[in-house]
Amino acid sequence: PPEGAYNVNELITPLAEAANLGDTINMTMLDITASGNISEEDIVTFAGVQSISYADNGGTVIVVQTVPGAADRVATGFAAYRDGQLSQAENYKADYPIAFENMTNARIVQNGDYVIFAVSATGNEGGYDALDAALETAFA
C-alpha cells in the first residue's frame, strides 16, 4: 500500500490469529466509544474483534485509522479503556484471573494515523510472543 495507507480489515486478520482469539465477535463503534475515552469524531474507520470467550480470556484486537493528528488521543483513550476494564474486572479477579492478567498486558501500538489495541487470549502461556511479533510487522 502507499506509505501510511493501510486497510484495517487486512491488518486485523494476522493480529487476531496471533492473539489466539479463536472464534470471535465483531465489535461495534459503540463498543469502542461507550467508555467515553475515545471519540467517534477521531475515527475514520476501524476493525475490532473480541474472543467469544472474552470474559474468560480478555482477548481483543482493535485497529483504528484516526483522523490526522488524533492518534495520540486515541492511544491515550485505549489506555484509559484498558484501565477501566481492569478497574471493573478487579471485583471479579478471582473468577476470571486469566482475563485480568491478559488485559493487564494489553498492547497499544501507534503508526502514523493508525492505533492498534491488542490483548492476547493466551497471554499467560507466552501468547504475547506471537502477538508482539505480529505487531512488529503489522505496518511493514
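This is a predicted model: local features need pLDDT of at least 70, side-chain atom pairs count only at pLDDT 80 or more; totals for chains, interfaces and linings use all residues.
Residues are numbered from 1 along each chain as its sequence is written. Local features need pLDDT of at least 70, side-chain atom pairs count only at pLDDT 80 or more, and totals for chains, interfaces and linings use all residues, while side-chain values use heavy atoms, without hydrogens and water.

**Sheet.** Five strands make an open, antiparallel sheet, ordered S1-S2-S3-S5-S4. Strands are DSSP runs of E with at least two residues, helices runs of H or I with at least four, numbered from the N terminus. Two strands pair if DSSP finds at least two bridges between them. S1 and S4 are the edge strands, each pairing on one side only. S4 and S5 share five bridges.

| Strand | Residues |
|---|---|
| S1 | 24-26 |
| S2 | 43-51 |
| S3 | 60-66 |
| S4 | 107-111 |
| S5 | 114-119 |

**Helix H1.** H1 (residues 8-18) packs on the sheet and touches S2, S3 and S5; contact means heavy atoms within 4.5 Å. Its buried residues are Val 8, Leu 11, Ile 12, Leu 15, Ala 16 and Ala 18. They fall within an arc of 150 degrees seen down the axis of H1, so they line one face of the helix. The arc uses directions from the helix axis to the C-beta atoms. On the other side, Glu 10 and Glu 17 are exposed. Buried means under 20% relative accessible area, exposed over 50%, partly exposed in between (1.4 Å probe, protein chains only).

**Core.** The largest nonpolar core has 43 residues. Such a core is a set of buried Ala, Val, Leu, Ile, Met, Phe, Trp, Tyr and Cys residues joined through side-chain atoms within 4.5 Å. Leu 15, Val 61 and Phe 78 have the most contacts inside it.

Note on methods: Axes are lines fitted to C-alpha atoms, for helices over the stretch in contact, and angles run from 0 to 180 degrees between N-to-C directions.
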